[in-house]
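Subject: Structure handover and notes on its aromatic rings

Dear colleague,

I am passing on the structure we spoke about, with the sequence alongside.

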Amino acid sequence: MSNTTNCTSRYQESANFSSDDCGREHQVSFLSAVDFSTSVIIAVLSPSAVVGNALILATIWKRTFTRTSFHVFLSGLALTDFLTGLLAQPFFAASLLTNSINIRTIGESSSAYLISITLIVITLMSIERWLYMSQTSFSASRRRYFFLIMMFFLPIPATVICVLANHKDPAYEYVFAVTTAVEMSCCYLMTLFSYFKVYRILRLHQQQIRAHWTSQNFGQPTIDFSKNKKSVATMVYILLLFSVCFIPYIVAAPLKFTPDSKYEERAYTAEKVSLVLVFFSSTLNPGLYVWRMRDVLTGLKRMLGRSN
């Protein structure tokens, strides 16, 4: 994520040359405690994210139930969460406790890249449901290739900016924060728009049922709306989880650039708390899938039963 791990060291340098040594030492001590607490929490969350998402991936690809395009996107989301827990979280946690620029770069750049892919996958899931409910082909169209390319290449500019902020010029830190906030906001708004379109389709279908209009749709393929309501409801929960875990970072990230020094500690703490929530989503997602998707829960039980 953002290049904030230099913040404590910058405060330490300023403390050495400040006349108000007592106040600065207290501030450095506080910021160090925030870094340590954040590092411990992220490190603790890492194993649960790895194990939980590994089980989801194994369940989906075990072929214990019929996979749909929704499950393919779901497995992609589980894969990015798995890699986040396996690679990004340990390196990011270590970067908060070390002055090694290489560890900091790996932790922040891998987090930026994987979390960006997570956002894109969530957005693609909502678009896929919209196109499916509107009876527009998604997987067989050329849109599929465009979205796949976008998913892997769109996070690269922000990742490069993150690396430059560590190795070249700290001024890139501000560019990275703005780029990340814009990316998250665009994905969130696009996801909301797709859900709104799905809601309108479902509402129109219900109105047709009440008016006995469905018998007129002879030439259109049949869609199991009752089943799709459940999948849409699951995606709404994913959106809610997305909102709780990511919106605080969108709000907190720009706060660290406030010119008022008396808010430095609050802004720094708010950003670290928001980062914990971002990583926490990788741990919560598998539980959400098991809770909301009966086929995933049944498949997981069968897989664990066989393994025993």
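The notes go from the overall fold to the aromatic side chains.

Please keep in mind that this is a predicted model, in which local features need pLDDT of at least 70 and side-chain atom pairs count only at pLDDT 80 or more, while totals for chains, interfaces and linings use all residues. Residues are numbered from 1 along each chain as its sequence is written, and side-chain values use heavy atoms, with hydrogens and water left out.

The protein has 10 helices and 0 strands, where helices are DSSP runs of H or I with at least four residues, strands are E runs of at least two, and both are numbered from the N terminus. Of its 308 residues, 46% count as buried, a term that stands for under 20% relative accessible area, with exposed meaning over 50% and partly exposed the range in between, for a 1.4 Å probe and protein chains only. Among the contacts with a separation of 6 or more, 79% are made by residues 24 or more positions apart, a contact being heavy atoms within 4.5 Å. The accessible surface comes to about 15800 Å², and carbon and sulfur atoms hold 65% of that area, as given by the Shrake-Rupley method with a 1.4 Å probe.

Turning to the rings, a search of the whole structure gives 5 aromatic pairs, counted when the centres of Phe, Tyr or Trp rings (for Trp, the six-membered ring) lie within 6.5 Å, with planes under 30 degrees apart called stacked, over 60 edge-to-face and the rest tilted. One of them is the edge-to-face pair of Tyr237 and Trp291, at 4.9 Å centre to centre and 75° between the planes. This pair links distant parts of the chain, since Tyr237 belongs to helix 8 (residues 225-252) and Trp291 to helix 9 (residues 264-292), 54 residues apart. Tyr237 is partly exposed at 32% relative accessibility, whereas Trp291 is exposed at 56%.

Another pair, Phe242 with Phe246, counts as stacked because the ring centres are 5.0 Å apart and the planes stand at 25°. These two residues lie 4 apart in helix 8, which means about one helical turn between them. Phe242 is buried at 4% relative accessible area, and Phe246 is buried at 3% relative accessibility. Ring pairs also join Tyr188 with Phe242 and Phe246 in a cluster.

Finally, Arg292 lies over the face of Trp291, 5.5 Å from the ring centre; this label requires NZ of Lys or CZ of Arg within 6 Å of the ring centre and within 35 degrees of the ring normal.
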